[in-house]
Amino acid sequence: TWFAKSSGTTSEKSKFIPISNECLKKCHYKAGKDVLLLYLKNFPDTNIFSGKALTLGGSHKLHKNKNIYFGDLSAILIENLPFWTEIIKAPSKNIALIENFEEKIDKISKATINENITYLIGVPSWNLVLIKHILSITGKSNLLEVWPNLELFIHGGVSFTPYIDQFKKLIPSPTMRYMETYNASEGFFAIQDDFSRNDMLLMMDYGIFYEFVPFEKIDNPFNNTYTINEVQTGINYAMIITTNGGLWRYVIGDTIMFTSLYPHK
């Protein structure tokens, strides 16, 4: 009954990606735990668990004729989270799932400015809008004046390169850390596990079977596929996935390049 509506970046129309219970628990939520554990492994003295995570996601709608929920993946994840996560994240589910983006930004800002927010999770562009709104209503010059214990931004969805300078200006802390993830409506694929380099570890135990096609052969993808033990570094591959959500040899539309083998990054 749950479908993630893709952003439609690889075609003119959005797609409806099935989200099964197994996909939720053994892919997306498992990845969420691994993100925090990998961060903790890198920084065992972290203080992020002394406060709350601020998550900024999308919205979902109920298709009343067929009783089907569909919408942004982040909203589906928020809607299905265990009840105890309300204790360690902000804002409340009711605010997080407001459909109108401007209204949601305003209510999130007002609901969290007095919280002890220690880390942010979300898409860089959306979070940039949120940060600027928070500064405008509080009159502060940077985000550390609102949340002095802010330590980490876990981001994904788009390249962080165009945004990094703006974030460093709005969060002027030499100890602020940025952790990249590679996830999509179709699945969760990779996590930055080494903060001294900017590639990401391909996560092999999330119920996703990977195939790779050299980009120059993408016109005939299924006759030129390589499995994970056959790939090489430095080659631009298109990615094909079969998932526990119900996708079968799905061409996701992204290209990747391996920087390391064993582990695959």
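User: Where in the chain is confidence lowest, and where is it highest?

Analyst: Start with the general idea. Where pLDDT is low, the predicted coordinates should not be read in detail. Here the chain averages a pLDDT of 92, and 96% of the residues score at least 70. Strand β4 (residues 60-63) has the lowest confidence, with a mean of 68. The highest is in strand β11 (residues 201-202), at 98.

User: What is the strand order in the open sheet of 7 strands?

Analyst: Read it as β6-β3-β7-β8-β9-β10-β11, with mixed pairing. The edge strands are β6 (89-90) and β11, and each pairs on one side only. Further in, β9 and β10 pair in the antiparallel sense over 4 bridges. Tyrosine 182 stands opposite alanine 190 in β10.

User: How many cavities of 30 Å³ or more does the structure hold?

Analyst: The idea is simple. Rolling a probe the size of a water molecule over the atoms shows where empty space is left. This structure holds 1 such cavity. The volume of the largest cavity is about 30 Å³.

User: Which residues line the largest cavity?

Analyst: Its lining is Ile17, Pro18, Ile19, Cys23, Ser185, Glu186, Thr243, Gly245 and Leu247. By class, that gives 5 nonpolar, 3 polar and 1 charged residues.

User: Is serine 185 buried or exposed?

Analyst: Serine 185 counts as buried because its relative accessibility is 13%, and buried means under 20%. Serine 185 sits in the loop between β9 (177-184) and β10 (187-191). Beyond its neighbours within four places in sequence, serine 185 has contacts including Ile17, Ile19, His28 and Leu73.

Conventions
Residues numbered from 1 in each chain as written. Predicted model: local features only at pLDDT ≥ 70, side-chain atom pairs only at ≥ 80, totals over all residues. Heavy atoms only, no water. 1 Å grid on protein atoms, 1.4 Å probe; cavity = no way out; pocket = protein on both sides within 12 Å on 5 of 7 lines; lining within 4 Å. Points joined across faces, edges and corners; volume = space filled by probe spheres on them. Nonpolar A, V, L, I, M, F, W, Y, C, P; charged D, E, K, R; others polar. Helix = DSSP H or I, 4+ residues; strand = E, 2+ residues; numbered from the N terminus. Buried < 20%, exposed > 50% of the residue type's maximum accessible area, 1.4 Å probe, protein only. Contact = heavy atoms within 4.5 Å. pLDDT = per-residue confidence, 0-100. Pairing = 2+ DSSP bridges.
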